[in-house]
Amino acid sequence: MLLEKILFIIISTYLTIRVFARFIKTVDKMYLPVVISSMICSLLEIIELIFRLNLHITIKIIMYLFGIIIPIAVLILEKRGLNLSELIYLALAKYYDMKGNIKKSKELWLKLIDKYPENHLAHRKLAEIYEKEGGMRKAIDEYVKAVDLNKKDYDSYYKISFLLNELGKTEDATTMLKNLLDKKPDYVDASILLGDIYCASEMYKEAINIYNQALKHSPNNYDLYYNMGMVYTMLNDFQNAKICYQKAATINSLCYNAYYNLGQINLIEMDLDEAEKYFTKCLEDKEQEPDAYYKLGKIYMLRGDHENAVKFVNLAIELDKNYIKIANNEPIFIPVKSKFQIPLIDEEDIPPRKRQQTKKEKAVKEHLDKTYKVVGNLNLHKLKPNQKHQDKEHERDI
């Protein structure tokens, strides 16, 4: 016991001196609590030794914590390039981040940068806040500083590219993404973004090359297959598009946009059984549900099953009242349009449909819809002869 007390006094005093020296060097007040608490612990141990006291075990634990463990931790962090003040700022800023207090968090990150301009994390976190606030140029500046401090911060590098693209500086974004992929070819998000930029410029073959390169590093990534499927769709290469969509859906069974596009392609190709299979799968997704019901209505019209066609279109109208306008303008539904449900509100008051789709997904959907309209008249000619006769009679009745 005596030896233990002597060792504690020696070690604690040594650590106190080391931390105090750090305080003198940096003039950082954050070190004072550590110095004072360590000194108190050393004095308590000296008092215990002189008066031969036996302090309670709880007090002893606290003495070891504040007299040895915390000072050692502070010195270890110092060796790794982090000081106590910096850590406290980081901890507080992250705490306010978690609480959602962006204003206080931003204030702390700014103070930290002002005091420690070389802190990589602070620049990156501040950039994220600026981005959330819509200050994209300020965000880019902070991400650039983060990359300058850490050349392997590929996420910040990607963010710069993303924001440049959002600002319409596609050439700069393209250059940065190419450089990023040279350094880190397995960065899938960078490949997808570069592919999006190429697609926006209708450089579809270049986009395919980028996705193929990315698949070498991430062969089971459904995003890559799904995006490649969309590019093949825009090229009207439906065979390869179907292969990619099917691969994406195999990897991720919740990739309902892939199922929907597969249904569209099979409907264009008049493979009604396959189209029905994929649109039925889309009924599991609330966003795709009204679109899928409407497409199923088309399929049953092509089969001559008017009863089911009306049922599915009415289900689509029930979920999205815009479909009453769409169905009324669709030639294939002329024989049964009188049986559609009429929305209770005026058509002019019907709000636009809301779908969580990217620009590329919207473009692909529009492309498939236009393609279907082009071949729609051909599909009508493929209806059964007796169905055509019934349809004409129905039109005369109307």
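Guide: H14 provides the largest share of the lining of the largest cavity, three residues. This is a predicted model: local features need pLDDT of at least 70, side-chain atom pairs count only at pLDDT 80 or more, and totals for chains, interfaces and linings use all residues. Residues are numbered from 1 along each chain as its sequence is written, and side-chain values use heavy atoms, with hydrogens and water left out.

Visitor: What's a cavity, and what's a pocket?

Guide: Take a 1 Å grid over the protein atoms alone. A cavity is a set of points where a 1.4 Å probe fits but cannot get out. A pocket is an open set with protein on both sides within 12 Å along at least five of seven lines. Lining residues have an atom within 4 Å of a point.

Visitor: Which residues line the largest cavity?

Guide: Tyr226, Asn257, Tyr260, Asn261, Gln288, Gln357, Glu361 and Lys365. H14 and H19 are the elements that give two or more. Helices here are DSSP runs (H or I, at least four residues), numbered from the N terminus.

Visitor: How much space is in there?

Guide: About 50 Å³. Volume means the space filled by probe spheres set on the points, which are joined across faces, edges and corners.
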